[in-house]
Amino acid sequence: MTDNPLTGELSNSKVAAVFVDEGVARHEAARLRGALGLPEARVVVVTPRDHRPGRKLEPESDGMLRTIVRAHVRLSIAGAVLGGLLFGVLWAMQVPMVVQSTLFAAPVLVVFGAVTGLMFGGLVSLRPDHDPYINKVYDALGEGRCAVVVHALTREERTRAEEFLKVVSGDVISTL
């Protein structure tokens with residue numbers, strides 16, 4: 001969603017519905033655009049004939065780079081701060097190992113916090129919630145079916161698109 005401080009993409013959430021027939025998929029995509037007032041660029045039909053279906057599934061390559069940078073920077077800083085806070089708590093509790101080696105313990109806890117933040121940044125960048133969505137669409141394309149993909153900007157938009165598509169297709173998946 002646009003309100004996520006860790007990502008740099010305009011549309012973080014996707015909804016896909018699989019259809020057996022391309023004509024039905026195009027018809028339902030047009031109905032969905034009309035019902036939700038979405039522009040054509042945000043409701044696309046992916047077919048087995050598409051040469052680069054991945055561009056329709058994840059069109060924001062610049063946004064993905066921003067997500068990688070933003071998530072790593074922000075989460076590493078947050079991890080370093082938490083490491084510093086942990087040092088403060090341990091020092092206030094008079095933990096002998098921390099009190100007796102303050103100049104060693106403080107940077108170690110801050111650096112370990114930053115590294116932990118970097119690892120969480122990597123997890124955010126991998127976007128594990130997108131894998132089932134991408135795999136489902138690619139599987140459908142491999143079977144000769146089509147998919148209607150919605151690039152939602154808000155949670156409400158994602159929910160409304162998902163509800164609409166569940167009525168017209170029993171095979172719907174969405175990301176977070």
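Phe 19 stands opposite Cys 146 in strand E3, where strands, like helices, are DSSP runs numbered from the N terminus (helices H or I with at least four residues, strands E with at least two). Residues are numbered from 1 along each chain as its sequence is written. The model is a predicted one, in which local features need pLDDT of at least 70, side-chain atom pairs count only at pLDDT 80 or more, and totals for chains, interfaces and linings use all residues, while side-chain values use heavy atoms, with hydrogens and water left out.

The pLDDT, which is the predictor's confidence in each residue on a scale from 0 to 100, has a mean of 91 over the protein, and 93% of the residues reach 70 or more.

Four strands, in the order E2-E3-E1-E4, form an open sheet with antiparallel pairing, two strands being counted as paired if DSSP finds at least two bridges between them. E2 and E4 stand at the edges with a single partner strand each, so one side of each has no neighbour in the sheet. On average, and with direction ignored, neighbouring strands are turned by 20° against each other; axes here are lines fitted to C-alpha atoms, for helices over the stretch in contact, and angles run from 0 to 180 degrees between N-to-C directions.

E1 and E3 pair in the antiparallel sense over seven bridges, and Ser 13 stands opposite Ala 152 in E3. E1 and E4 also pair in the antiparallel sense, over three bridges, and the bridge partner of Ala 16 in E4 is Ile 173.

Seven of the seven residues of E1 are buried, that is, under 20% relative accessible area, whereas exposed means over 50% and partly exposed lies in between (1.4 Å probe, protein chains only). Ser 13, Val 15, Ala 17 and Phe 19 point one way from E1, while Lys 14, Ala 16 and Val 18 point the other way. In a regular strand the side chains alternate between the two faces of the sheet.

**Helices on the sheet**

| Helix | Strands touched | Angle with E1 |
|---|---|---|
| H6 (residues 130-142) | E1, E2, E3 and E4 | about 25° |
| H7 | E1, E3 and E4 | about 10° |

The 14 residues of H7 (residues 155-168) should span 20 Å at 1.5 Å a residue, and the end C-alpha atoms are 20 Å apart, which agrees; the expected span is 1.5 Å times one less than the number of residues. Glu 157, Arg 158, Ala 161, Glu 162, Phe 164 and Leu 165 are the buried residues of H7. They cover an arc of only 165° around the axis, which puts them on the same side of H7, the arc being that of the directions from the helix axis to the C-beta atoms. On the other side of H7, Arg 155, Glu 156, Glu 163, Lys 166 and Val 167 are exposed. The cover over the buried residues includes strands E1 (13-19), E3 (146-152) and E4 (172-174) and helix H1 (22-36).

**Two individual residues**

Thr 175 lies in the segment after E4 and is buried, with a relative accessible area of 3%. Beyond its neighbours within four places in sequence, Thr 175 is in contact with residues including Ser 13, Tyr 133 and Arg 158.

His 72, in helix H3 (residues 61-92), counts as partly exposed at 24% relative accessibility. Leaving aside neighbours within four places in sequence, His 72 is in contact with Leu 118, Gly 121, Gly 122 and Ser 125.

Note on methods. Contact = heavy atoms within 4.5 Å.
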